[in-house]
Amino acid sequence: MIKLKNVLTASARVFLLAALISATASASVRAEEESGPAFAPPVTKVTAPQIGPGLSNSSKLVVVLDPGHGKTQGHYSGCSFEYNGVKYYEDEITMKIAAYTKQYLEQNTDYVVYLTKDSAEKTVPLEQRAAFAASVHADLFVSQHVDSIPGNGITRNAYGVSSMAPKAGRYNNELALQSQEAAKTILDQLSALGLHNRGLILRDSQNGTHFADGSLADYYAIPRYSQMYGIRGFIIEHGFINHTSDLTLFLSTEDHYKALGEADAKGIIQYLQKAGKCKFTPTTDAPQASQTDSQKAGESTGPSAVSP
Ligand SMILES: [Zn+2]
């Protein structure tokens with residue numbers, strides 16, 4: 001837990017900067033999983049050889065859970081929805097789901113589980129979450145979220161669970177395939193609860209961000225950084241907060257959060273029992289990404305020199 005505290009301390013150092021960025025980025029920051037490069041890719045920041053998968057001496061399986069969102073400038077950045085007089089916040093729900101996933105996994109002494117933060121109130125920059133996962137040699141890095149259709153109304157056509165995972169067929173292809181398989185294993189567990197399975201959502205960078213080998217990067221920050229750091233990582237969306245069935249059947253009670261968290265844990269165990277520790281050797285030693293001029297000027301407004 002010492003390393004986690006270090007990360008949180010580091011996050012506190014950049015909190016003000018992060019808040020400033022969030023304020024200037026756009027009002028649609030609520031969906032960090034969809035905002036893509038909310039922070040600049042880690043160009044050369046992590047070069048220490050001790051960071052990366054398969055390098056831990058521990059035989060235990062290391063899982064890093066990332067409860068999505070948190071407070072920025074006093075307001076929750078995740079989605080929210082009011083229903084029958086009760087307001088539901090993604091930030092609070094993901095913290096509960098993560099806690100139940102951790103609790104379930106830790107019943108098995110073969111697992112070491114870290115969270116990227118210890119409170120729904122906290123916000124950790126996206127890049128630092130992946131850097132932290134890499135620093136503890138994560139065998140699986142799962143960012144837990146709740147979906148929504150932007151706006152205040154009820155959605156009828158969008159419902160169910162999905163995963164934003166790395167796209168295969170390019171940089172660190174084998175790793176991307178492993179992440180996809182792990183994500184699908186978790187989605188199967190969630191759909192067994194009765195949630196519709198929307199499958200994998202794979203999306204290319206919209207602003208010309210490339211991986212170190214010149215191939216196009218992933219749009220979503222968590223899978224992109226996971227690929228860069230050479231760890232298995234992706235986002236899991238646990239249903240739509242503004243779809244009444246998803247909300248009332250799966251996202252509104254403590255029992256619901258426990259069921260979702262435990263489904264994630266079961267999927268994680270099922271995958272890691274089969275796949276074992278992440279022994280992937282990244283294409284390059286250090287995470288790198290190229291930035292186009294348009295990215296520097298436009299979409300990527302994040303700091304390029306934030307120290308982890
Ligand atoms: Zn989210």
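A residue counts as buried when its relative accessible area is under 20%. Cysteine 278 has a relative accessibility of 0%, so cysteine 278 is buried. Cysteine 79, with a relative accessible area of 4%, is buried because that value also falls under 20%. The model described here is predicted. A disulfide requires two cysteine sulfur atoms within 2.5 Å. By this rule, the structure has 0 disulfides.

The protein chain has 308 residues, and buried residues make up 56% of them. Its secondary structure comprises 8 helices and 12 strands. Contacts across the sequence were also examined. Among contacts between residues at least 6 apart in sequence, 81% join residues at least 24 apart.

In soluble globular proteins, nonpolar side chains tend to be buried together. The largest nonpolar core in this model holds 42 residues. Within that core, Phe234 and Ile268 touch the most other members. Several elements each supply at least two residues of the core. The strands among them are E1 (61-67), E6 (111-115), E7 (140-147) and E11 (233-240). The helices are H2 (90-105), H4 (173-191), H6 (244-250) and H7 (254-275). H7 gives the largest share, 8 residues.

Helix H4 has 19 residues. At 1.5 Å a residue, H4 should span 27 Å, and its end C-alpha atoms are 27 Å apart, so the two values agree. Buried residues of H4 include Leu175, Ala176, Ile186, Leu187 and Leu190. Gln178, Ser179, Gln180 and Thr185 of H4 are buried too. The cover over the buried residues of H4 includes strands E7, E8 (161-164), E9 (197-201) and E11. Helices H5 (221-229) and H7 also take part in that cover.

Helix H2 has 16 residues. From its first C-alpha to its last, H2 reaches 22 Å, close to the 22 Å expected at 1.5 Å a residue. Among the buried residues of H2 are Ile93, Met95, Ile97, Ala98 and Leu105. Glu90, Asp91, Thr94, Tyr100 and Thr101 of H2 are buried as well.

Glutamate 254 is found in H7. With 36% relative accessibility, glutamate 254 counts as partly exposed. Leaving aside neighbours within four places in sequence, glutamate 254 is in contact with Lys96 and Tyr100. Glutamate 254 and lysine 96 are 158 residues apart along the chain, yet their C-alpha atoms are separated by 8.1 Å. Glutamine 273 also lies in helix H7. Its relative accessibility is 63%, so glutamine 273 counts as exposed. Glutamine 273 and leucine 61 are 212 residues apart in sequence. In space, their C-alpha atoms are 9.3 Å apart.

The structure holds 4 aromatic pairs. One of them joins tyrosine 171 and phenylalanine 211. This pair is stacked, with 4.6 Å centre to centre and 20° between the planes. Tyrosine 171 lies in the loop between E8 and H4, and phenylalanine 211 lies in strand E10 (residues 210-211). The pair therefore ties together parts that are 40 residues apart in sequence. Both tyrosine 171 and phenylalanine 211 are buried. Another aromatic pair, tyrosine 219 with tyrosine 220, is edge-to-face. Here the centres are 5.0 Å apart and the planes make an angle of 80°. Tyrosine 219 and tyrosine 220 are both buried.

Arginine side chains lie over two tyrosine rings. Arginine 203 lies over the face of tyrosine 219, at 3.8 Å from the ring centre. The charged end of arginine 224 sits over the ring of tyrosine 225, 4.9 Å from its centre.

Backbone angles stand out at two loop residues. Glutamine 73 has a phi near 55°, a positive value in a residue other than glycine. Glutamine 73 is placed in the loop between strand E2 (71-72) and strand E3 (75-76). Histidine 137 has a phi near 60°, again positive in a residue other than glycine. The loop that holds histidine 137 runs between helix H3 (126-135) and E7. Histidine 137 counts as buried because its relative accessibility is 12%.

Definitions and conventions: Residues numbered from 1 in each chain as written. Predicted model: local features only at pLDDT ≥ 70, side-chain atom pairs only at ≥ 80, totals over all residues. Heavy atoms only, no water. Buried < 20%, exposed > 50% of the residue type's maximum accessible area, 1.4 Å probe, protein only. Core = buried A, V, L, I, M, F, W, Y, C linked by side-chain atoms within 4.5 Å. Helix = DSSP H or I, 4+ residues; strand = E, 2+ residues; numbered from the N terminus. Expected span 1.5 Å × (residues − 1). Contact = heavy atoms within 4.5 Å. Phe/Tyr/Trp six-rings, centres within 6.5 Å; stacked < 30°, edge-to-face > 60°. Lys NZ or Arg CZ within 6 Å of the ring centre and 35° of its normal.
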